[in-house]
Amino acid sequence: MRLLSFLTPRRPSAPPSAAPESRPAAPAGVRRSRLVGAWGATVAVIAGLLLPSAASSPSSAAPAAFNYGEALQKSLWFYDAQRSGKLPDGNRVFWRGDSALGDGKDVGLDLTGGWYDAGDHVKFGLPMAFSATLLAWGGIEQKSAYAASGQLRYLQDNLRFVNDYFIKAHPSANVLYGQVGNGADDHKWWGSAEVMPMARPAYKIDAPCPGSDLAGQTAAAMASSSMVFADSDPAYASELLTHAKQLYAFADAYRGKYSDCITDAQAYYNSWSGYNDELVWGAVWLYKATGDTAYLAKAESAYDKLSTEPQTTTRSYRWTLSWDDTSYGSYVLLAQLTGKQRYVDDANRWLDWWTVGVNGTKVRYSPGGQAVLDSWGSLRYAANTAFAALSYSDWLTGDPVRKARYHDFAVRQIDYALGDNPRKSSYVVGFGANPPTKPHHRTGHGSWTDQLTNPVDNRHILYGALVGGPSAADDAYTDDRSNYVNNEVATDYNAAFTGALARLYAEYGGSPLAGFPQAEKPDGPEISVQASVNASGPGFTEIKAYLVNKSAWPARALTHASLRYYFTLDGGVTPDRISTSTNYNQCGKVTGPTHFEGDVYFVTVDCSNTVIAPAGQSAYRKEVQFRITSAGAWNPADDWSYQAIPTTPGSTPVDAPHIVLAEGADTQWGAEPDGTTPTPTPTPTPTPTPTPTPTPTPTSPSTQCAVTYTVTSAWNGGFTAEIGVRNTGTAAVSGWRLGFSFKGAEKVTSAWNATVSQAGSDVTAANVAHNATIPPGSSASFGFQGTGTPAGTPAAFTLNGKDCG
């Protein structure tokens, strides 16, 4: 059963203090963002200020509470786990494979790459660009910490990976693709990225329908990233700057909110704050990256349009830096870049509200010391503020009280997330004491049945992922995969958090783990055959077998599968006296016997006409019932593949170690009679859409039949169903066409093992090649996925135009 909690909109939570004219109120429990940086000694001289090193902070003598080196190492690794597209050589996440390799094909572009947003698989451009900007900011300010910890190469690898995607997504000056994947279609499916079954449309902004927020944020990401590569790869840095300049010019010249054009984003990352904050933000980062004062002038001019507290001229301070509102990061950056008092005042007021309060109000604090801004992803907001506070504190001079206050606040918030809290538990997956083990993350969970609840435990450790944390100022938390408010993870959750960890590593030290990450061991057979004896008698044995794909290291589809069943000829029987037939077959033809060695032969079930993928209850396994009949002697007792399977007819199939399953020429499961065992080397590929086989014209003389209709799963707005057609007559049905009518507003969207069409409420399903013939007493089945609410068993089943019970 699919659960409603699959639908996890990433809603931006607008602050209650937002000025109506500049930041419209968002629904309660929606999401938000933050930022910082400096472009060198020249800026410090211009500002008349000395930029202190991290080690000069007020509490540098304090002992390290946690291993910040390990935390940094794992937090950065999380971005490796979020990669989409073709994975590079040196992929560090052993359970991830290539995925979404068709992204962009619908618009004639290569839009592969980038990061999946959170525990889903949509590529949302606004939070992706924000995350890249924050990661780069941390890399700029804490480059020595990244280098000393051995993490600089991984930071650069991840920034290159995401910026390569931004380059692809910006095919011309005034065009930017800001989303790949439909939110609703993506969220109603729960499985691994490598076997996504749905279409992934691409969405863009352009001059006729612009998005200054998206273009400005992406400009900031590419400009800040260029600074990270300026020394090591100046040509790449220059390429990023070229795109950043074009994108900012696009954002500035064509004003508008991106979510008014990419409307699918409205339910997930609506631009609540508008675009003025990104126009400031993008200009600040371009000034830092280029030194061109024209960008500083644009930033300062646009700054006057930033939001204010209601009915005042005071800049907003009762929120924080987030993917939606970067104003607060601009307070800090412009204070650092210019030293002007108005920016210093705005930064001080904001951080005072997060620490000691302003005008009698401040952010809520839990008894355990967490600063709790909003219910959804509360630790993300605290980490964002902590990172900016550390950057600002390191720059601040002449105000030792605030310098110490902001520093110590930041350390307290990061330490809370790492385990210094009343639960004495880490909120970072795979780090510290009692960390979360069930983050809301599809690929990390590794379900093969399209179910959030199956399996019970996540199959992978999503190292370094910061979960949302408590939803109220009460330090309460439950490690529950279905609770995406508390247990979701996302690229924007970790971005500022990673930079803060680098900063604390610089001050307190720590040791990244040697040999990290260790390869995981699968939790059992990933690909297998289960079998039992279905029927037996003098001269024949009928086998019921399942070809099973529960793969997750990485998840991968079987597209050219086959099954081999080995047996021994008895009493001088020759191969020509052996025949095969099928009773129920979700695969293809059964052929053989084929000689193996001596008196040992095998029959082959070809499943290359179907896809077997860990992508749903009907997708992860296929059933075949095949009968081997001898015209002479027959004794299955010594047959190789007969061993270790239940021999009582009708028994439940179990793992069949002597039935071989192959993908093409590569054995995936089972031992051959000579002892050869599989050494699979799978290449993960996305699940292709099966091409329907042309339907033969029905020629059945019989219409005696029975139909079963079963809704196998249902969720809000959709369902899957299986239909079985049994031939109750005395003659074979050769080619079939089943008709029926829905009782409600159901609509078929996809089908398997049949070609299905629909006109109004009337549905027609026709056989495909492998199930065209239904012998007397046998059945054929097919399944489909639909939209709407199931309204009961359809009416008026007909087979080849005649009534069927």
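## The big picture

What you're looking at is a predicted model, where local features need pLDDT of at least 70, side-chain atom pairs count only at pLDDT 80 or more, and totals for chains, interfaces and linings use all residues. Residues are numbered from 1 along each chain as its sequence is written, and side-chain values use heavy atoms, with hydrogens and water left out.

The protein chain has 18 helices and 26 strands. Those labels are DSSP runs numbered from the N terminus: helices are H or I with at least four residues, and strands are E with at least two. Of the 805 residues in the chain, 60% are buried. Here "buried" means under 20% relative accessible area, "exposed" means over 50%, and "partly exposed" is in between (1.4 Å probe, protein chains only).

What share of the contacts between residues at least 6 apart in sequence joins residues at least 24 apart? It's 74%, with a contact meaning heavy atoms within 4.5 Å. As for the surface, the chain exposes about 27,400 Å², and carbon and sulfur atoms supply 52% of that. Those areas come from the Shrake-Rupley method with a 1.4 Å probe; for residues, only the protein chains shown count as cover.

## Helix H18

Helix H18 covers residues 491-508, and its 18 residues should span 26 Å at 1.5 Å a residue. The expected span is 1.5 Å times one less than the number of residues. The end C-alpha atoms of H18 are 25 Å apart, which agrees.

Is H18 mostly covered or mostly open? It's mostly covered, with 17 of its 18 residues buried.

Two strands count as paired if DSSP finds at least two bridges between them. E7 runs antiparallel to strand E6 (residues 527-537), and 10 bridges join them. Across that pairing, Ala535 stands opposite Glu542 in E7. E6 and E7 make a hairpin with 2 residues between them, and Gly539 in the turn has a positive phi of about 85°. E7 also pairs with strand E12 (residues 621-630), again in the antiparallel sense, over 9 bridges. There, Lys544 has Gln625 in E12 as its bridge partner.

## A three-stranded sheet

Another spot to look at is an open sheet of 3 strands in the order E1-E2-E3, with antiparallel pairing. Its edge strands are E1 (123-124) and E3 (202-206), each of which pairs on one side only. Strand E2 (residues 175-180) is joined to E3 by 5 bridges, and Tyr177 stands opposite Lys204 in E3.

## The disulfides

A disulfide is a covalent bond between the sulfur atoms of two cysteines. How many disulfides does a search of the whole structure find? There are 3, counting pairs of cysteine sulfur atoms within 2.5 Å. With bonded cysteines counted along the chain, the pattern is 1-2, 3-4, 5-6.

Cys209 is joined to Cys261, S to S 2.0 Å, and this link is left-handed, with -100° about the S-S bond. Cys209 sits in the loop between E3 and helix H7 (212-229), and Cys261 in the loop between helix H8 (234-253) and helix H9 (266-269), so the pair ties together parts 52 residues apart in sequence. Cys209 has 30% relative accessibility, so it counts as partly exposed.

Cys587 is joined to Cys607, S to S 2.0 Å, and this link is right-handed, with 95° about the S-S bond. Cys587 is in the loop between strand E9 (578-585) and strand E10 (590-597), while Cys607 is in strand E11 (residues 600-607), 20 residues apart. Cys587 is buried, at 0% relative accessibility, and Cys607 is buried at 0% too. Then there's Cys705 with Cys804, their sulfur atoms 1.9 Å apart. Cys705 lies in strand E16 (residues 705-715) and Cys804 in the segment after strand E26 (802-803), so this pair ties together parts 99 residues apart in sequence. Cys705 counts as buried at 10% relative accessibility, and Cys804 counts as buried at 9%.
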